[in-house]
Structures are given as structure tokens and as C-alpha cells.
Amino acid sequence: LHHHITCDKCSECPIHGKRYKCAECANYDMCEHCYKNDSDHSRHLFLKIAREGSDPVALLHKSGPYGDPNPAPQVLESLQRLYALSVKNNVDFRELFDYSMSEDTD
């Protein structure tokens, strides 16, 4: 169960089973059924969260993230850390992701 989390497609609350959090929309979650049947967000990245409080276990993109349906493990690990930071600091994941991508790495 994902307490206090509502599926933005079918309004199931709490979400039972896996939760799919859109990494591109602000505060957008889907239950497993809606994720599998959704076409509106087919080009968006999603974090699959197996249980409430657990780190995301996958970064998903229905048509493959940037052409690759299975991102490298280090990419997923980096995104998991970024997601944990966003939750810990109550910051929107997408804003934190955009900020991290704009940082000068030189």
C-alpha cells in the first residue's frame, strides 16, 4: 500500500501494489493498472516504487528512455539518490533533476 497517494488516472487511494511516479510531471502518480494502460504519458519517464517508503526500483519509459528501455545501472543509482534527496528535502523531483543537469561539472 502507498498510503495518502492517489492514482491521478483512476483516483484509487491508497494505491495498492506498485506505484508509478512521473518524473516529468509535478505530483503525478499512477497505479499499476493505469500505468500499463496509459497512452497520455507514453513518452514520460516514470519511477517504479514497489512499496511505500522504498527507493524507486526502476526508471521506465514506455518507448525507452532516450532510445534505451534499460538504462545503465549507474544512471538508475544516480536517479535513486536524487529521488531520495527530493523526498528527504520535500523538493519536487523534476526541479531537482533539472537543477542537477544544469550544474557545471568542469
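Student: How much accessible surface does the chain have, and what share belongs to carbon and sulfur atoms?

Tutor: Accessible areas here come from the Shrake-Rupley method with a 1.4 Å probe; for residues, only the protein chains shown count as cover. The chain comes to about 6,700 Å² of accessible surface. Carbon and sulfur atoms hold 49% of that. This is a predicted model: local features need pLDDT of at least 70, side-chain atom pairs count only at pLDDT 80 or more, and totals for chains, interfaces and linings use all residues. Residues are numbered from 1 along each chain as its sequence is written, and side-chain values use heavy atoms, with hydrogens and water left out.

Student: What share of the residues is buried?

Tutor: Start with the cut-offs. Buried means under 20% relative accessible area, exposed over 50%, and partly exposed in between (1.4 Å probe, protein chains only). Of the 106 residues in the chain, 36% are buried.

Student: How many helices and strands are there, and in what order do the elements run?

Tutor: Helices (H or I, at least four residues) and strands (E, at least two) are DSSP runs, numbered from the N terminus. This chain has 3 helices and 4 strands. Reading from the N terminus, the order is β-β-α-β-β-α-α.

Student: Which share of the contacts joins residues at least 24 apart?

Tutor: A contact means heavy atoms within 4.5 Å. Take the contacts in the chain between residues at least 6 apart in sequence: 32% of them join residues at least 24 apart.

Student: How do I read aromatic pairs, and what is the count here?

Tutor: Rings of Phe, Tyr and Trp (its six-membered ring) pair if their centres lie within 6.5 Å. Planes under 30 degrees apart count as stacked, over 60 as edge-to-face, and the rest as tilted. The count is 2 aromatic pairs. Take Tyr20 and Tyr35: the ring centres are 4.1 Å apart and the planes sit at 5°, so this pair is stacked. Tyr20 belongs to strand S1 (residues 19-22) and Tyr35 to helix H1 (residues 32-37), so the pair ties together parts 15 residues apart in sequence. Both Tyr20 and Tyr35 are buried.

Student: Why is the pair of Tyr35 and Phe46 edge-to-face?

Tutor: Look at the angle. The planes of Tyr35 and Phe46 stand at 70°, with ring centres 5.1 Å apart, so the pair is edge-to-face. Tyr35 in helix H1 and Phe46 in strand S3 (residues 45-49) are 11 residues apart, and their pair links distant parts of the chain. Tyr35 and Phe46 are both buried. Together, Tyr20, Tyr35 and Phe46 form one aromatic cluster.

Student: Where is His41, and is it buried or exposed?

Tutor: His41 sits in the loop between H1 and S3. His41 is buried, at a relative accessible area of 10%. Setting aside neighbours within four places in sequence, His41 is in contact with Cys25, Tyr28, Met30 and Phe46. Phe46 is also part of the aromatic cluster.

Student: What about the phi of His4 and Ser11?

Tutor: His4 is not a glycine, yet has a positive phi of about 65°. Ser11, also not a glycine, has a positive phi of about 70°. His4 is exposed, with a relative accessible area of 76%. Ser11 is exposed at 54%.
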